[in-house]
Structure formats: structure tokens, C-alpha cells
Amino acid sequence: MQLNYKTFGQGPPLLILHGLFGTLDNWQTLAKRWAAHYTVFIIDQRNHGRSPHMDAHSYPLMAEDLKAFMEANWMYEANLLGHSMGGKTAMQFATHFPDMVNKLIVVDIAPKSYSGGHEIIVEALNDLDLNTIEDRKQADSILAERISDFGVRQFLLKNLTRNKEGGYRWKMNLPILTRDYEAILENITPEETFDGPTLFIRGAASNYIDDNDLPLLQTHFPVAELATVADAGHWVHAQKPEELFQLVSTFLEK
């Protein structure tokens with residue numbers, strides 16, 4: 001399997017992994033800025049964006065995807081940045097292949113299981129009849145009946161694409177992501193600690209990482225630091241891109 005990706009710049013490699021229902025395009029603006037000093041790869045994970053649709057979705061599988069991607073691109077060590085689901089993929093990878101990671105940055109996710117939170121979104125996406133909608137405006141109007149946040153709807157609708165023969169389809173593999181949603185909520189399965197430099201970044205208005213998680217972070221990532229971005233929720237990169245850019249840049253330059 002070959003993951004879809006875009007690359008910018010030159011220098012030490014920096015690989016960026018998006019979250020659930022995301023695509024590499026979510027990170028393109030920031031990637032171009034980091035490209036002044038790094039070769040930045042933004043990657044569609046399996047069952048997302050333009051990457052292949054596979055019949056299973058789990059962190060061990062996504063970590064193996066990343067290993068294969070790096071080897072195919074002649075990379076044997078890289079800086080990793082992952083948000084949410086992508087952050088768990090990065091943590092899974094770093095605790096299985098620590099020699100392949102230089103520095104690790106995890107945005108608004110902890111190495112633990114979560115109880116859910118996307119169920120309404122998953123139901124709304126599955127209930128949207130792509131055979132009857134005429135345009136994105138109509139799709140947004142239907143989703144708005146159950147998803148009130150305009151920004152979240154626009155983020156989700158980036159997955160909607162036209163068929164050549166007419167009508168719409170999802171870029172993401174929605175049936176598999178729905179079936180394996182519980183696996184996406186699960187914790188990583190670390191084989192060993194990652195002792196390299198690690199930065200966790202959380203949004204102050206998000207509840208994905210709380211103060212009580214710090215000992216857990218340092219169990220698997222002994223030198224982990226935790227930074228908090230004010231006035232940001234779970235989508236730190238969309239809500240506070242400048243603050244995130246500066247935090248990551250400073251950490252990578254140490």
C-alpha cells in the first residue's frame with residue numbers, strides 16, 4: 001500500500017499525520033511554513049483522503065503503514081507530528097520503532113482509551129444520502145440539523161467529492177471508519193518507551209489531555225513536556241495556528 005502525500009521544502013524530514021476524518025490538506029498551510037527549514041511530508045492515513053481504502057483500521061496497522069512509507073522514501077529517522085488519531089499513530093510508531101524517530105510532537109491526544117464523542121457525527125455522515133444531494137450547500141444544510149458547529153461541518157465536508165459520472169462520494173472509507181470506530185478510541189499498544197524528545201500540545205478548552213495525565217505521558221515518554229495553548233479547543237492547528245507554529249518550531253530547533 002502506498003500512502004498519498006505531499007512534500008515541501010528541504011532539510012531534515014518532518015512527517016505530519018492528521019486526525020480522524022481529516023486529510024493532509026488540513027496541515028498544508030503550516031507545512032509550507034515549516035518547509036523553510038525541513039522537508040515536510042503531509043500524509044493521508046489509510047482510509048482517509050486519497051490514500052487506499054483498506055478493510056481494517058487500527059494503530060498497529062497505521063504504524064506499519066508509516067514504517068513502510070518511510071522506508072519507501074529512504075527515510076530511516078524523522079521528526080513526527082500527529083494530531084488526535086494521527087497523534088496516537090505517531091505514539092504507536094515511536095514506541096515500536098524508536099530508532100526511527102528523532103523528535104515526537106503529539107497534538108491534543110493522550111496514550112489512553114477514550115469513551116467516544118464522535119457518535120453524532122458518525123451517524124450524521126452515514127445518514128447523509130449522497131445519491132440525492134445536489135450540492136455542498138444542501139449537504140451542509142442537512143448536516144446542520146445534527147451538527148451545529150459550522151467549522152466542524154466545513155471540516156467534514158472537505159471529504160465530499162464529486163464523481164466523474166455525477167453525484168457525490170466520500171473520499172474517506174466511511175463504512176470501515178464506522179465499523180472500527182471503537183478501535184480508534186482505544187489506547188496504543190506500546191512495546192517500549194520512547195526516550196527521545198517529546199512534546200505534547202493541548203488546547204486549554206479541550207478535555208483530551210488533563211493535568212492528571214502527565215504521569216501517564218511520562219510513563220511511555222519519559223522526557224515528555226506538556227504545553228497548553230490558550231483559547232484553543234481540540235483543533236489547535238485550525239484555531240491557533242500561529243501559536244502552534246511557534247511551539248513546534250522552537251521545540252524542533254532545540
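This is a predicted model: local features need pLDDT of at least 70, side-chain atom pairs count only at pLDDT 80 or more; totals for chains, interfaces and linings use all residues.

A: Residues are numbered from 1 along each chain as its sequence is written, and side-chain values use heavy atoms, with hydrogens and water left out.

Q: What volume does the largest pocket have?

A: A pocket is an open set of points on a 1 Å grid over the protein atoms alone, where a 1.4 Å probe fits, with protein on both sides within 12 Å along at least five of seven lines. Its volume is the space filled by probe spheres set on the points, joined across faces, edges and corners. Here the largest pocket has about 380 Å³.

Q: Which residues of its lining lie nearest the centre?

A: Lining residues have an atom within 4 Å of a point. The largest pocket has 19 of them, and Phe155, Trp235, His237, Ala238 and Gln239 lie nearest its centre.

Q: How much space lies in the second largest pocket?

A: About 270 Å³. Its lining has 15 residues, with Gly117, His118, Ile121, Tyr208 and Trp235 closest to the centre.

Q: How many residues does the largest nonpolar core have?

A: A nonpolar core joins buried (under 20% relative accessible area, 1.4 Å probe, protein chains only) Ala, Val, Leu, Ile, Met, Phe, Trp, Tyr and Cys residues through side-chain atoms within 4.5 Å. The largest one has 60 residues. Leu15, Phe21, Phe93, Leu104 and Leu125 have the most contacts (heavy atoms within 4.5 Å) inside it. A second, separate core has 26 residues, including Ala31 and Tyr38.

Technical notes. Buried means under 20% relative accessible area, exposed over 50%, partly exposed in between (1.4 Å probe, protein chains only).
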